[in-house]
Amino acid sequence: MLMDIIEARHSVRKYTEQQVSREDMELILKAGNFAPNAGGGQRSMLVGIRNSELTTKIGIMNLAGFDRSRLTGSYVSKEQPSIIDDPSMKNGFYGAPSVVAVFGQNGFLYRIADAFCCAENMVLQAAELGISSCIIARGEETFGSPEGQELLKEWEIPENYSAICFVILGYIDGEQPHTKPRRPGRVKIIE
């Protein structure tokens, strides 16, 4: 049942080196491709990467300009520390062997919403397959360097597109995180 998958899905920040199969990557990309999108425009672009050396390189680029000062007081997890918790981390993808980069059309009002709808579909599909995942932000900053721009040219990403977010994928190193209780008062029904 879908609700079981939603409740079982967790953001994972510790990965083994085991690569996601091509078939599973294709299914995860298909889930992202079928995400809701503004006006049915299908503007988002998805690039799946199954190369751990390249994902490490992009993960380091992702974290290069990260500004921790905007996160004062934030804390994520003792079991699975985040870059927010541990400034010594250098890879924004936490060693995940696979990643999907989600791109949106510049200037389009709903590009961020569309990208995150794609990301949500992909993490749910990954959870159903027993693959761990986490949605990572800082897309635009990641490819701002000349090295990043070269990758975009190599991948044939149109110039009027930029990265919005990433879905990192792999297999958890350690135990599955525990589900946190939901904060009260976040859900209301008005009749």
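1. Helices and strands here are DSSP runs, numbered from the N terminus; a helix has at least four residues and a strand at least two. On that basis, the elements of the protein run α-α-β-α-β-α-β-α-α-β from the N terminus on. That comes to six helices and four strands. Keep in mind that this is a predicted model.

2. Start with the overall packing. The protein has 191 residues, and 42% of them count as buried. Take the contacts with a separation of 6 or more: residues 24 or more positions apart account for 84% of them.

3. Next, the sheet. The four strands form an open sheet in the order β1-β2-β4-β3, and the pairing is antiparallel. β1 (45-49) and β3 (132-136) stand at the edges. Each has a single partner strand, so one side of each is left without a neighbour in the sheet. On average, neighbouring strands of this sheet are turned by 20 degrees against each other, direction ignored.

4. Now the pairings. Strands of a sheet pair through backbone hydrogen bonds, either parallel or antiparallel. Strand β2 (residues 98-105) and strand β4 (residues 161-170) run antiparallel and are joined by eight bridges. Within this pair, V102 stands opposite C165 in β4. Five bridges link β3 and β4, again in the antiparallel sense. There, S133 has L169 in β4 as its bridge partner.

5. Two helices deserve a look against the sheet. Helix α2 (residues 22-33) packs on the sheet and touches β1, β2 and β4. The direction of α2 makes about 165 degrees with that of β1. Helix α4 (residues 111-129) also packs on the sheet, touching β1, β2, β3 and β4. The direction of α4 makes about 15 degrees with that of β4.

6. Look at I49, which sits in strand β1. Is I49 buried or exposed? I49 has 5% relative accessibility, so I49 counts as buried, the cut-off being under 20%. Leaving aside neighbours within four places in sequence, I49 is in contact with M25, L54, T55, I58, P97, S98, V99 and W155. I49 and P97 are 48 residues apart in sequence, yet their C-alpha atoms are 8.5 Å apart in space.

7. Compare Q19, in the loop between α1 (2-8) and α2. Q19 counts as partly exposed because its relative accessibility is 26%, and that class lies between 20% and 50%. Not counting residues up to four places away in sequence, Q19 touches R50, N51, S52, P97, S98 and Y171. P97 and S98 are also among the contacts of I49. The C-alpha atoms of Q19 and G170 are 6.3 Å apart, although 151 residues separate the two in sequence.

Technical notes:
Residues numbered from 1 in each chain as written. Predicted model: local features only at pLDDT ≥ 70, side-chain atom pairs only at ≥ 80, totals over all residues. Heavy atoms only, no water. Pairing = 2+ DSSP bridges. Axes fitted to C-alpha atoms, helices over the stretch in contact; angles between N-to-C directions. Contact = heavy atoms within 4.5 Å. Buried < 20%, exposed > 50% of the residue type's maximum accessible area, 1.4 Å probe, protein only.
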